[in-house]
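The sequence and structure follow.

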Amino acid sequence: MNTQSEKRKRYPRFRTHLFAVLAGFIAVALILLWIFQIGLLGPMYESIKMWELKKVSRILSENLGDADFRAMSDRLSQHTDICISVYKIVGQYAEGCAASHIRDSCFIHNVTSEVMLNRLYAGALESDFYTERMKDSFLFSGESEADVPENIVVSTLAQDSAGQNYLILLNAEIEPVGTTADTLRVQLGIITVLLLILAAAAAGFFSLRMSRSITQMSAEANKLALGNYDVHFDGGGTRETAELGEALNYAARELSALDSMQKDLLANISHDLRTPLTMISGYSEIMRDIPGEMTPENIQIIIDETHRLSALVNDILDLSKLQNGSQTLNCAVISMTATVRTTLERYSKLRTHDGYQIEFLCDREAFIYADTSKILQVVYNLVNNAINYTGEDKKVTIRQICRDGVCRIEVIDTGEGIPPEQLSLIWDRYYKIKNYYKRAVTGSGLGLSIVKNILLLHGAKFGVQSEVGRGSTFWFELPEVNPSADEKEIV
């Protein structure tokens with residue numbers, strides 16, 4: 001017990017675990033925000049500007065020579081916040097043909113020397129997308145170098161549809177992001193603290209809500225482990241815990257029923273063992289102590305009770321093997337009809353001395369693929385059950401029906417019948433239809449449970465039809481086969 005307690009202490013509480021998960025998620029989200037909004041803010045901002053410059057350059061190159069080129073250039077400049085200058089190359093000279101100026105700090109409009117133009121033109125000859133980065137501090141007097149915007153100047157050559165060459169100059173201003181990054185850094189710091197506080201509050205709220213139902217179910221489970229089946233598991237307000245509670249409530253009901261059945265089983269087996277042992281002991285003492293009681297009749301009673309005791313022990317062992325899966329089948333093509341007839345030969349004494357009427361109805365011989373000894377046991381136990389519960393007329397009917405490739409065996413009694421609500425329970429071990437105990441005329445009382453497990457091994461269909469006051473019909477079905485002469489195994 002101490003070991004289990006120490007083992008539990010090694011595990012974190014649900015609240016701690018939930019907080020760790022939420023804090024980890026928040027940490028990952030914040031790390032990503034810091035990386036993208038602080039660390040990569042400048043590079044991403046510049047990458048976007050370069051992408052816009054290339055896009056504007058491509059649009060201008062495709063529309064050179066159009067009648068509304070100037071208007072289109074103005075609209076494009078206003079939309080992208082990029083200054084545009086376009087020069088027509090005529091021999092050794094460059095003539096301005098379009099200019100879209102949107103800011104005073106535009107480099108290509110403030111610096112117009114031929115040296116600069118020649119340098120940009122030479123760069124465009126060497127590279128399809130020539131780029132220079134420049135700063136003009138004189139345009140921003142009184143400001144520090146770090147606060148002066150940086151200009152990205154792009155030059156590229158293009159031709160219109162008539163083959164005329166043009167020099168396209170573009171200017172985009174890159175604002176310093178240092179101040180913005182500082183602002184974002186402060187905001188993210190505040191957000192980090194707030195999110196951690198919210199994570200702690202959420203972990204406390206949800207863990208309290210969920211752990212309450214889990215703690216209650218744990219306490220009820222401990223009661224269940226001690227054999228108290230009067231428990232109820234409340235799943236709380238979440239679907240998963242509610243489903244767990246329902247499953248545990250169902251398990252508690254089933255364990256309660258199983259415990260009751262186990263107690264009945266022990267009581268009934270004890271009764272069945274005690275009765276033959278008492279008779280064996282009693283008759284043995286009579287024959288020992290009373291002269292003249294050593295008679296064949298008394299000895300036969302001892303033999304009969306010994307057989308009954310042996311049959312009970314064998315049935316218990318058979319049922320145990322069937323239920324634990326250690327029993328295997330040795331199947332062959334057998335005559336179902338001959339199997340029933342062989343079984344009924346065992347009841348000649350009941351017919352002769354006790355007046356039982358056992359009738360077998362069939363129209364032809366039917367063959368199935370099954371284990372001979374197991375099917376014999378099925379028929380024998382069903383007939384035993386019918387004999388034990390048949391009516392005052394002591395009539396039992398076995399009927400064979402073959403139809404649509406299926407062989408159906410029905411065992412019919414004329415007893416009191418079974419209430420509908422108990423039909424699904426009669427296959428359980430030692431289940432009694434009535435509350436009082438009735439000693440079987442023949443068999444051990446485990447027959448129907450053995451029948452069920454054997455038929456399940458064969459994959460057979462089986463069931464019972466009953467009406468209170470009019471008897472019961474137990475049946476099972478197996479596929480019919482058409483064997484060749486050398487395949488037939490007549491029981």
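At what angle do the axes of helix α3 and helix α4 cross, and within what distance do they come? In this predicted model, the axes of α3 (residues 41-62) and α4 (residues 69-80) cross at roughly 170° and come within 11 Å. A second pair, α12 (residues 372-389) and α13 (residues 447-458), packs at an angle of about 145°.

**Helices α3 and α4**

- Because angles over 145 degrees count as roughly antiparallel, the crossing makes α3 roughly antiparallel to α4.
- On the α3 side, the contact is made by Lys49, Glu52, Val56, Ile59 and Leu60.
- On the α4 side, Phe69, Met72, Ser73, Leu76 and Thr80 make the contact.
- The contact of α3 with α4 comprises six nonpolar, two polar and two charged residues.

**Helices α12 and α13**

- The axes of α12 and α13 lie 9 Å apart, and their crossing is left-handed.
- From α12, the contact takes in Lys374, Ile375, Gln377, Val378, Asn381, Leu382 and Asn385.
- From α13, it takes in Gly447, Leu448, Ile450, Val451, Ile454, Leu455 and His458.
- Eight residues of this contact are nonpolar, five are polar and one is charged.

**Helix α12 on its own**

- α12 has 18 residues and spans 26 Å from its first C-alpha to its last, close to the 26 Å expected at 1.5 Å a residue.
- Of the 18 residues of α12, 15 are buried, so the helix is largely enclosed by the rest of the structure.

Technical notes:
Residues numbered from 1 in each chain as written. Predicted model: local features only at pLDDT ≥ 70, side-chain atom pairs only at ≥ 80, totals over all residues. Heavy atoms only, no water. Axes fitted to C-alpha atoms, helices over the stretch in contact; angles between N-to-C directions. Helix = DSSP H or I, 4+ residues; strand = E, 2+ residues; numbered from the N terminus. Left-handed = near helix turned anticlockwise from the far one by under 90°. Contact = heavy atoms within 4.5 Å. Nonpolar A, V, L, I, M, F, W, Y, C, P; charged D, E, K, R; others polar. Expected span 1.5 Å × (residues − 1). Buried < 20%, exposed > 50% of the residue type's maximum accessible area, 1.4 Å probe, protein only. Parallel < 35°, antiparallel > 145°, perpendicular 65-115°, else oblique.
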